[in-house]
Amino acid sequence: MKITESLTDLWLRIKSLALRRKLHHDLEDELDFHLAMRRQKFERAGMPPSEAAAAARRRFGNPTLRHENLRSLWTFAWLDSLARDLRYACRSMARAPLFMVVAVATLAFGIGANTAIFSIVNGILLRAMPYDKPADLYFIREGLQHGAERHIFSAVNSGNVLEWTRRARSFQSIAMMMPSNDTIVMGSGSANVHGLRASASLFPLLGIHPRIGRSFTPEEDQMGHGLEILLTDALWRERFAANPEIVGRRVSLNGFPTTVVGVLPPSFYFPKQDQIYDTSTSHWSSPVEYFLNLNLGAWERKPGVGNANFAAIGRVLPGVPRQQALAELETIEAAIGRQETDEYSLHAELVPLRAAIVGPAESRIWTLMAGAGLVLIIVCVNLAGLMIGRNAARSREVAIRLALGAGRWTVLRQFAAEGLVLAAAGGAIGVAGAFLGVRFLVRYAPISLPRLESVTVDGRVLAFSAAVALAAGLLCSVLPALRAKDRGIEETLRSTAASLTSSRRTAFVHRLLASSEIALCTVLLICALLLGQSLSRVWGPPHKR
Amino acid sequence: MERKEPPSGEMLRDTLDMLVLKTLQKGPMHGYGIAEFIEERSEDVLRVEEGALYPALHRLELRGLLAAEWGVSDNRRRAKFYRLTAAGRKQLEKDGVRWGLISTAIARIMETA
């Protein structure tokens, strides 16, 4: 079938789905019309009316069958049977409210935990850094080597950065920055704010354009061009009431007159002050609220060993491998180092931007994800245990249905439908909980994780939750049903016809269930403890290295 | 659950589709009219079963080769009229060529045997 034909087919079927009653009437009318015409023809040929009607019907065949045949062409047969299965599942769940509440609550917990943790994985690890071609961006660090021992500084010498910018051919551009904490005074109010001195090259390098005004010019990198400030969207809203006329206004920064040149877009993200270095210090742990022009003094323009106060980000030219860029920096570094000392040699290192920012947290986040996955598996196994108990009580119902001619596949599908109804309810509650939890997490940041701002329940997270819920629903319903299948119908009917407790086999099954429940609960407890331990490690202060 | 269609091989079904398309070349018609036309034209050699005709019509409609509209018949009853679409016309052309090839081929074999 050609693609256009498939599309026509799909469209007409969807239309008929929306107009089910109309489809029914149309089919009926069309077939009735045919029957009537045929009868008329027979009558015209001289048959008595009653005989004509009978003859027409005889030739026509079973009208209900004809109708059904045509209807099946127009509808999605699986949709009808799915709807039937789901309706039945809802009814049978409503008959066991306690079981339903327990199952839905357990699933909600498991799916909610996985949704929340996955939104962290998604926001921090999976989503690309919000910059132009982020894979080409590297933090550049400096190091000293004495014999076999290399010591990496957390920062670089600003004069050396100028040297790289001048001489390194592998880089499209290199930017440098340095934290700066100031008191800003505007009008009558004042506030302590946290920012970075940054070179003009930073914003083109990241591919970021201010929402109003401009970013810095290369001349403003040098001292003597005055002080200029670029506000983040948050600071602009918080301290300047989102004033659109802000550009060109003067504020006082630590007593120095400073001109506002622009405001960054709300989507702009930058690591916290300390994340631009290799180490974490509580002094520089604030989010960046503004950028100041670099304003580099003459003493800061001299290359040399030590005096490392700045952080540097480089963008390598497309297609240039990291090794090549690094080799070039190493050559320049060696030359700078030789001019000062023979005892040490000066070196450079390139750390991919993503690794530098989220790297330290990566393994801890995956530990969390694994823990959440474990909890979900235990939830499923526990629920499957409950299902087995429930199925044992229902084995008679199933046996009767099988005896009455229901296919095993039909019965299995019925169990799956129950699992899906449970998972859908649990999933909805779990996702709602995770949504609130993630909002709380981002708002109050009780844990120290990089890029926490970008953690949200987005489409990818919802797709993940749906997949998890589907898998959980099938796992906890189909597995027990498969196990229940292999008992013969006749035996089940006979054994359950007698009193339940008198059957030795049933009693054995019950004992087995009870003991497996206890075993599972123990496992659950241990896993929960382990998870708690890893949680406290993530929640706690970051590791010093 | 089994819904058996009247025994009609792929070739027979395609042939019925072709006959339906050909019949509708004259203009819009309802299902009964199509059946009658084919029977008359073939001098009662071909008898079109309702159990095959309507599924064929609906399948062609779903494929977009036919379009259907509700109208009023000669005896002033509500009836569903089918007509050829552009895609249906194209299909009919292709079917015609193919049918020509097959029928001459079969005829040739039957003559020589």
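**Entry: chain A overall.** I was working from a predicted model, and I began with the make-up of chain A, for which I found 15 helices and 12 strands. I then looked up burial and noted that, of the 545 residues in chain A, 31% are buried. For the contacts in chain A that link residues at least 6 apart in sequence, I recorded that 78% join residues at least 24 apart.

**Entry: H7(A) and H10(A).** I next turned to helix H7 of chain A, residues 158–167, and helix H10 of chain A, residues 322–338, whose axes come within 10 Å and cross at roughly 130 degrees. On the H7(A) side I listed A:Asn160, A:Glu163, A:Trp164 and A:Arg167 as making the contact, and on the H10(A) side A:Leu329, A:Ile332 and A:Ile336. Sorted by class, the residues of this contact came out as 4 nonpolar, 1 polar and 2 charged.

**Entry: chain B against chain A.** Finally I looked up the contact between the two chains, to which chain B brings 17 residues and chain A brings 21 residues. On the chain B side, I found that the elements giving two or more residues are helix H2 (31–41), helix H3 (50–62) and strand S3 (78–84), and that H3(B) gives the most, with 7 residues.

Notes:
Residues numbered from 1 in each chain as written. Chains lettered and ligands numbered in written order. Predicted model: local features only at pLDDT ≥ 70, side-chain atom pairs only at ≥ 80, totals over all residues. Axes fitted to C-alpha atoms, helices over the stretch in contact; angles between N-to-C directions. Helix = DSSP H or I, 4+ residues; strand = E, 2+ residues; numbered from the N terminus. Contact = placed C-beta atoms within 7 Å. Nonpolar A, V, L, I, M, F, W, Y, C, P; charged D, E, K, R; others polar. Buried ≥ 20, exposed ≤ 12 C-beta atoms within 10 Å, placed from the backbone.
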